[in-house]
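Let us walk through this structure from the whole chain down to a single residue. Keep the model open as you read.

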Amino acid sequence: MKVVIKTASGSNTFGGTIKLEGEKEYRNALKQINSELRVLGSEMTKATAKFDKNDKSVEGLSKKNEVLNNQIDKQKDKVSTLKEALKTSS
């Protein structure tokens, strides 16, 4: 991300606009990851409801484990994206 500051020429006051290059890609990446996390949350709700009466079954626990591992992977992606944005903005 690159910060560009523009000021009005010849003025005694500081003002203008700040444009962050790469911000659109950053926001789109976070939006995609958050969307995937919501889908995984829905999958967990569905798995929990499906195996509600038999919540200790191997199949039910395996499905929940799969969804939780996917959520962890997506959260790692999100942290990585946030770290990269922080690194480039520094």
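**From contacts to helices**

Start with the contacts in the protein chain between residues at least 6 apart in sequence: 46% of them join residues at least 24 apart. This is a predicted model.

Next, the elements. The protein chain has two helices and two strands. From the N terminus on, the order is β-β-α-α.

Now the helix pair. Helix α1 covers residues 23–50, and helix α2 covers residues 58–89. The two pack at an angle of about 165 degrees, and their axes lie 10 Å apart. Angles over 145 degrees count as roughly antiparallel, so α1 is roughly antiparallel to α2. The crossing of α1 past α2 is left-handed. What kinds of residues form the contact of α1 with α2? Twelve are nonpolar, seven are polar and seven are charged.

The protein chain exposes about 7100 Å². Carbon and sulfur atoms supply 53% of that area. Of the 90 residues in the protein chain, 16% are buried.

Finish with one residue. Threonine 88 lies in helix α2. Is threonine 88 buried, exposed or partly exposed? Its relative accessible area is 32%. Buried means under 20% and exposed means over 50%, so threonine 88 is partly exposed. Glycine 22 is 66 residues away from threonine 88 along the chain, yet their C-alpha atoms are separated by 9.6 Å.

Conventions: Residues numbered from 1 in each chain as written. Predicted model: local features only at pLDDT ≥ 70, side-chain atom pairs only at ≥ 80, totals over all residues. Heavy atoms only, no water. Axes fitted to C-alpha atoms, helices over the stretch in contact; angles between N-to-C directions. Helix = DSSP H or I, 4+ residues; strand = E, 2+ residues; numbered from the N terminus. Parallel < 35°, antiparallel > 145°, perpendicular 65-115°, else oblique. Left-handed = near helix turned anticlockwise from the far one by under 90°. Nonpolar A, V, L, I, M, F, W, Y, C, P; charged D, E, K, R; others polar. Buried < 20%, exposed > 50% of the residue type's maximum accessible area, 1.4 Å probe, protein only. Contact = heavy atoms within 4.5 Å. Areas by Shrake-Rupley, 256 points an atom, 1.4 Å probe, with all protein chains shown as cover.
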